[in-house]
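Work through the exercises below with the sequence and the model open side by side. Try each task before reading its solution.

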Amino acid sequence: MSEWTIDTTVGELLRREHGREDGARITEGWPDLDLGTAYRIQDALLARKASAGQTVVGVKLGLTSVAKQRRMGVDVPLTGWLTDAMALTPGEPLAVGDFIHPRVEPEIAFVMGARLSGPGVTAEQAMGAVQSVHAGFEVIDSRYRDFDFALPDVVADNASACRFVISGHAVPPGGLDLAAESCRLGVDGDTVDTANGAAVLGHPANALALAANGLAERGLAIEPGWIVLTGGLTDAVPLHPGGTVSVAFDSLGALSLTGTH
Ligand code: 0L1
Ligand code: MG
């Protein structure tokens, strides 16, 4: 690319997504790309998807666990957009060949009952706006080679968002201890990891508040009915054709996702 701009970056990220092709960091060619501009790229990418008929159904948080931040070499959480085209129904398989290098991570998901508008939203206020809590999976698929990026790259790339699914089992938030809520992640029937909700910034409500306050800086709020994916509880695992990733939570139930060709 001879000159990187918001428009050319959006075009390149969409080209990679549609062509199932990864590539180098945008910051290799645009080293002074800052975080504010990266979020403008993310919003411009969303506008292109909206003009193609997609609608926003929620927001995701990424890099909310210290372990994952260390592994990816990025030290702050970020947000990205969820659209209707990214939603899988429970039990629907993922056609792995449609993507670049999809990986799956278990998440605690919220469905919002009330608008949540920052700044200054506390975790308690955030939980008060939640209608129901669900077991979820996010499928991430970075448009960067080997998931290798700096923070502005991954923000521009809509936080590697690709697909997601939440369980149809809606649990009311009252009475749940989401910091202690534990999950067991399985691949093809073998347990590969365990974690609890405290892995997400100490409590998933902290992630929700952070998203509301971050969106407020861009004049945006979390709307009623939106889904919020609060961040991976464990490391993401690759999904292969014929393989199944499953998660079993204490109180939120179980979910599985199978890969096909
Ligand atoms: O949802 C996530 O935590 C992923 C955010 C982007 C980082 C990655 O691609 O691993
Ligand atoms: Mg995630």
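**Exercise 1. Find which atoms of Lys-60, Leu-63 and Glu-138 approach oxygen atoms of ligand 1.**

Step 1. Start with Lys-60: a polar atom of its side chain is 2.8 Å from an oxygen atom of ligand 1. A polar contact here is a pair of N or O atoms within 3.5 Å; within protein, one must be able to donate a hydrogen and the other to accept it, and residues adjacent in sequence count only if both atoms are side-chain atoms.

Step 2. Leu-63 uses its backbone, with a polar atom 3.0 Å from an oxygen atom of the ligand. Glu-138 uses its side chain, with a polar atom 2.9 Å from an oxygen atom of ligand 1.

Step 3. Taken alone, ligand 1 exposes 300 Å², and the protein buries 99% of that. Accessible areas come from the Shrake-Rupley method with a 1.4 Å probe; for residues, only the protein chains shown count as cover.

Step 4. Now look between the two side chains: Glu-138 and Lys-60 are joined by a polar contact of 2.8 Å.

The model is predicted: local features need pLDDT of at least 70, side-chain atom pairs count only at pLDDT 80 or more, and totals for chains, interfaces and linings use all residues. Residues are numbered from 1 along each chain as its sequence is written, chains are lettered from A and ligands numbered from 1 in the order in which they are written, and side-chain values use heavy atoms, with hydrogens and water left out.

**Exercise 2. Describe the shell around ligand 1: how many residues does it hold, and which elements supply at least two of them?**

Step 1. The shell has 14 residues, and the closest are Lys-60, Leu-63, Glu-105, Glu-138 and Ser-160. A residue is near a molecule if one of its heavy atoms lies within 4 Å of it.

Step 2. At least two residues each come from strand 1 (56–62), helix 4 (66–72) and strand 5. Strand 1 gives the largest share, three residues. Helices (H or I, at least four residues) and strands (E, at least two) are DSSP runs, numbered from the N terminus.

Step 3. Sort the shell by residue class: eight are nonpolar, two polar and four charged. Ala, Val, Leu, Ile, Met, Phe, Trp, Tyr, Cys and Pro count as nonpolar, Asp, Glu, Lys and Arg as charged, and the others, Gly among them, as polar.

**Exercise 3. Which residues are the protein donors of the magnesium ion (ligand 2)?**

Step 1. The donors are Glu-105, Glu-107 and Glu-138, each through OE, lying 2.0 Å from the ion. Donors are N, O and S atoms within 2.8 Å of the metal (3.2 Å for Na, K and Ca); water is not among the atoms, so sites may look incomplete.

Step 2. Along the chain the donors of the magnesium ion follow the spacing E-x1-E-x30-E. Glu-105 belongs to strand 4 (residues 103–112) and Glu-138 to strand 5 (residues 130–140), so this pair ties together parts that are 33 residues apart in sequence.

Step 3. Check the cover: Glu-105 is buried at 2% relative accessible area, and Glu-138 is buried at 0%. Buried means under 20% relative accessible area, exposed over 50%, partly exposed in between (1.4 Å probe, protein chains only).

**Exercise 4. Trace the sheet that contains strand 11, and separate the two faces of that strand.**

Step 1. Five strands form an open sheet in the order 3-12-11-7-8, with mixed pairing. Its edge strands, strand 3 (94–95) and strand 8 (190–196), each pair on one side only. Two strands pair if DSSP finds at least two bridges between them.

Step 2. Strand 11 (residues 244–249) pairs with strand 7 (residues 182–187) in the antiparallel sense over five bridges. On this side Val-247 is the bridge partner of Leu-185, and Val-245 that of Val-187.

Step 3. Strand 11 also pairs with strand 12 (residues 254–260), antiparallel over five bridges. There, Val-247 has Leu-255 as its bridge partner. The hairpin of these strands has four residues between them, and Gly-253 takes a positive phi near 90 degrees.

Step 4. In a regular strand, side chains alternate between the two faces of the sheet. In strand 11 the covered face holds Val-245, Val-247 and Phe-249, and the uncovered face Thr-244, Ser-246 and Ala-248.
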